[in-house]
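Please look at the sequence and the model below together.

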Amino acid sequence: MINLVEIIQNQEGFLLREVVVNPSHVISITPDVDAAALHANGKLPTGLHPAQQFSKVVLADGRSMRVVGNPNMVGDKAKKLLFG
């Protein structure tokens, strides 16, 4: 299982929460330019580094999530657990 930080939107704005994902359920990881734009416009929670990157993770059940971290970092976490 890998720990990721997901960006979710509620009625008050955006917040961060930790999620645990089974790496064998990850179908794709792509850059999330929409989240980067939200961050550049000050819409995401404070405390994130100005150069922070974001990814969109698509799971086998069709759900997608917006997470903190570039696709390489997220993918490397998944690969380490899947392939040692």
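V67 counts as buried because its relative accessibility is 0%, where buried means under 20% relative accessible area, exposed means over 50%, and partly exposed lies in between (1.4 Å probe, protein chains only). This residue sits in strand β5, and the names of such elements follow DSSP runs, numbered from the N terminus, with helices being H or I runs of at least four residues and strands being E runs of at least two. The model is a predicted one, in which local features need pLDDT of at least 70 and side-chain atom pairs count only at pLDDT 80 or more, while totals for chains, interfaces and linings use all residues. Residues are numbered from 1 along each chain as its sequence is written, and side-chain values use heavy atoms, with hydrogens and water left out.

How confident is the predictor in this protein, given that pLDDT expresses its confidence in each residue on a scale from 0 to 100? The mean pLDDT of the protein is 92, with 95% of its residues at 70 or more. Among the elements, strand β5 (residues 64-68) has the highest mean value, 97, whereas helix α2 (residues 71-83) has the lowest, 81.

Setting aside residues up to four places away in sequence, V67 touches L4, V5, E6, F54, S55, V57 and V74, a contact being heavy atoms within 4.5 Å. V67 and V19 are 48 residues apart in sequence, and their C-alpha atoms are 9.4 Å apart in space. V67 also belongs to the largest nonpolar core, a group of 11 residues made up of I2, L4, V19, V21, V26, V57, L59, M65, V67, V74 and A78. Such a core is a set of buried Ala, Val, Leu, Ile, Met, Phe, Trp, Tyr and Cys residues joined through side-chain atoms within 4.5 Å. At least two residues of this core come from each of β1 (2-10), β2 (13-21), β4, β5 and α2. Apart from this core lies another, of seven residues, including F14, A35, L48 and V68. In soluble globular proteins, nonpolar side chains tend to be buried together.

Strand β5 runs antiparallel to strand β4 (residues 54-59), and five bridges join the two; strands are taken to pair if DSSP finds at least two bridges between them. In this pairing K56 stands opposite R66 in β5. The two strands form a hairpin with four residues between them, and in the turn G62 has a positive phi of about 95°. G69 and E6 are 63 residues apart along the chain, and 9.7 Å separates their C-alpha atoms.

E6 itself is found in strand β1, and it is buried because its relative accessible area is 10%. Beyond residues up to four places away in sequence, E6 touches L15, L16, R17, V19, M65, R66 and V67. Side chains of opposite charge can pair when their charged atoms come close. How many salt bridges does a search of the whole structure find? The search finds three, a salt bridge being a side-chain nitrogen of Lys or Arg within 4 Å of a carboxyl oxygen of Asp or Glu.

One of them joins the side chains of R17 and E6, at 3.1 Å from N to O. This pair links distant parts of the chain, with R17 in strand β2 and E6 in strand β1, 11 residues apart. R17 is partly exposed, because its relative accessible area is 42%.

Another salt bridge is formed by D32 and R66, whose closest N and O atoms are 2.8 Å apart. Here too distant parts of the chain are linked, since D32 lies in the loop between β3 (26-31) and α1 (33-40) and R66 in strand β5, 34 residues apart. D32 is buried, with a relative accessible area of 8%, whereas R66 counts as partly exposed at 24% relative accessibility. The side chains of D61 and R63 also meet in a salt bridge, at 2.8 Å from N to O, and both D61 and R63 are exposed.

Finally, α1 can be followed from end to end. After α1 comes G42, whose phi is positive, near 75°.
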